[in-house]
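Please consult the sequence and the coordinates alongside the text.

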Amino acid sequence: MQKQLAVTAVLTMAGLLGCQATLPPMTTVPAMVVSSDTLQQYDWQLVSVTNQAGKPIKTELFHPANKPLVVSFDKDNVRFKNTCNHLWGSYQVVDTKVMIGDMASTMKLCEPALMAVDRLAPSTLKGQYDFVLAVGKLPTLVVSSDEQISRFIAIAK
């Protein structure tokens, strides 16, 4: 019985992995203009950080024991949520570009996995910002630089 359950589990996982590889690409519509209003309308949950080739990097940001990294914009400030320390900074939208000011942080000592999140979190907001709309979905905030691409999904406040 245990062997049968193990074989069933392996076949199920293989089937799921096979399905994942054959999913069609996400259909998108043209990028929206980045605006302060749209940034403020949602909280933004980090879902991936990759290099330019699409390989996942900064995996410490997705440590299983941590809560998802979330960014929130208000009129003048950007704040990270679910970090050990409070991380915040100023931002402004100039034409269609988001300019992030220096980030500040409290200096509480935390477990190493959370300290890694605190150290890497600000880098996810450095670069050129674009909004992409997946058909039938909420906006995705894409922040790209020469080093990485960070993707955040919109979540209700």
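Is Asp43 buried or exposed? In this predicted model, Asp43 is buried, because its relative accessible area is 7%, which is under the 20% limit for that class.

**Salt bridges**

A search of the whole structure finds two salt bridges. One of them is formed by the side chains of Lys81 and Asp43, with an N to O distance of 2.8 Å. Lys81 belongs to strand E4 (residues 77-81) and Asp43 to strand E2 (residues 43-50), so the pair ties together parts that are 38 residues apart in sequence. The two partners fall into separate accessibility classes: Lys81 is partly exposed, at a relative accessible area of 34%, whereas Asp43 is buried at 7%.

The side chains of Asp74 and Arg79 also meet in a salt bridge, with an N to O distance of 3.9 Å.

| Salt bridge | N to O distance |
|---|---|
| Lys81 and Asp43 | 2.8 Å |
| Asp74 and Arg79 | 3.9 Å |

**Disulfide**

The count of disulfides comes to one. This bond joins Cys84 to Cys110, with an S to S distance of 1.3 Å in the model. The pair links distant parts of the chain, 26 residues apart: Cys84 is in the loop between E4 and strand E5 (87-94), and Cys110 is in the loop between strand E6 (97-105) and helix H3 (112-120). The torsion about the S-S bond is about -70 degrees, so the disulfide is left-handed. Cys84 is buried, with a relative accessible area of 14%; for Cys110 the relative accessible area is 14%, and this residue is buried too.

Where does Leu138 lie? Leu138 is found in the loop between strand E7 (128-134) and strand E8 (139-144). With a relative accessible area of 45%, Leu138 is partly exposed. Leaving aside residues up to four places away in sequence, Leu138 touches Tyr42, Leu133 and Ala154.

How values were computed: Residues numbered from 1 in each chain as written. Predicted model: local features only at pLDDT ≥ 70, side-chain atom pairs only at ≥ 80, totals over all residues. Heavy atoms only, no water. Helix = DSSP H or I, 4+ residues; strand = E, 2+ residues; numbered from the N terminus. Buried < 20%, exposed > 50% of the residue type's maximum accessible area, 1.4 Å probe, protein only. Contact = heavy atoms within 4.5 Å. Salt bridge = Lys/Arg side-chain N within 4 Å of Asp/Glu carboxyl O. Disulfide = S-S within 2.5 Å.
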